[in-house]
Amino acid sequence: MLALAAVVPLWAADAVFARAESKLDRIESGHARPGSVMVFTPAEMNAWARGRVPQMYPGVRDPTVQLGAGTATGSALVDFLKMRQGEGLATNSLIGKLIEGERALKVSIELESSHGRATAHLTRLEISGVAVTGAPLDLLVNEFFLHLFPDAKVNQPFDLHDNIERIELRPDGVRVTMKK
């Protein structure tokens, strides 16, 4: 019985992850019906984040997502040096000593989206519980985030995937509306 009790939560998490992956596959492959709405529940968002983010980005562990009305907050344990090394980026030794080791990271955004375009506004960043704003935040975004994700658009509009009309962040899930 104890073995079964340990396996059931893993199977349930795998099922939630599989639902999220299936929805993403339909969107990315162009098989989502025009005009349809795909809803990713908070459980699906978190299962996908736990299953994929550490694989995609060495140095990231235990990612979670919290959703609000037009907002999302992502949290994880992050080793910035490992992330940079995982992307093949060199770091000078002084900066390396400062950023080495795991830190609790929390990033909050507001998302505006319509007509196949979106803008993600970075509203808050916390590292080890300390809020970063102003020039230090700009430095972190420019020196780390944009080097790791050079195509990322922060505080500027970007085009959504070809067949997505809009993305809505809500406490009950992320709603992806397909173009008609």
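A: Leucine 94 is exposed, with a relative accessible area of 61% (exposed means over 50%, buried under 20%, and partly exposed in between, using a 1.4 Å probe and protein chains only). Leucine 94 sits in helix α4, residues 93-99; helices here are DSSP runs of H or I with at least four residues, strands are E runs of at least two, and both are numbered from the N terminus. Together with Ile95 and Leu98, Leu94 makes a nonpolar surface patch of about 310 Å². To be in a patch, a residue needs over 30% relative accessible area and no salt bridge, with nonpolar side chains (Val, Leu, Ile, Met, Phe, Trp, Tyr) joined within 5 Å and like charges within 9 Å. A salt bridge, for the record, is a side-chain nitrogen of Lys or Arg within 4 Å of a carboxyl oxygen of Asp or Glu.

A word on the ground rules: this is a predicted model, with local features needing pLDDT of at least 70 and side-chain atom pairs counting only at pLDDT 80 or more, while totals for chains, interfaces and linings use all residues. Residues are numbered from 1 along each chain as its sequence is written, and side-chain values use heavy atoms, leaving out hydrogens and water.

Now step back to the whole chain. There are 5 helices and 9 strands, running α-β-α-β-β-α-α-β-β-β-α-β-β-β from the N terminus. The C-alpha trace spans about 50 × 50 × 30 Å along its principal axes. Of the 180 residues, 31% count as buried. The accessible surface comes to about 10,800 Å², and carbon and sulfur atoms own 58% of that (Shrake-Rupley areas, 1.4 Å probe). Among contacts with a separation of 6 or more, 56% come from residues 24 or more positions apart, a contact being heavy atoms within 4.5 Å.

Most residues other than glycine have a negative phi. Histidine 115, though not a glycine, has a positive phi of about 50 degrees. Histidine 115 lies in the loop between β4 (103-114) and β5 (117-127), and is exposed at a relative accessible area of 67%.
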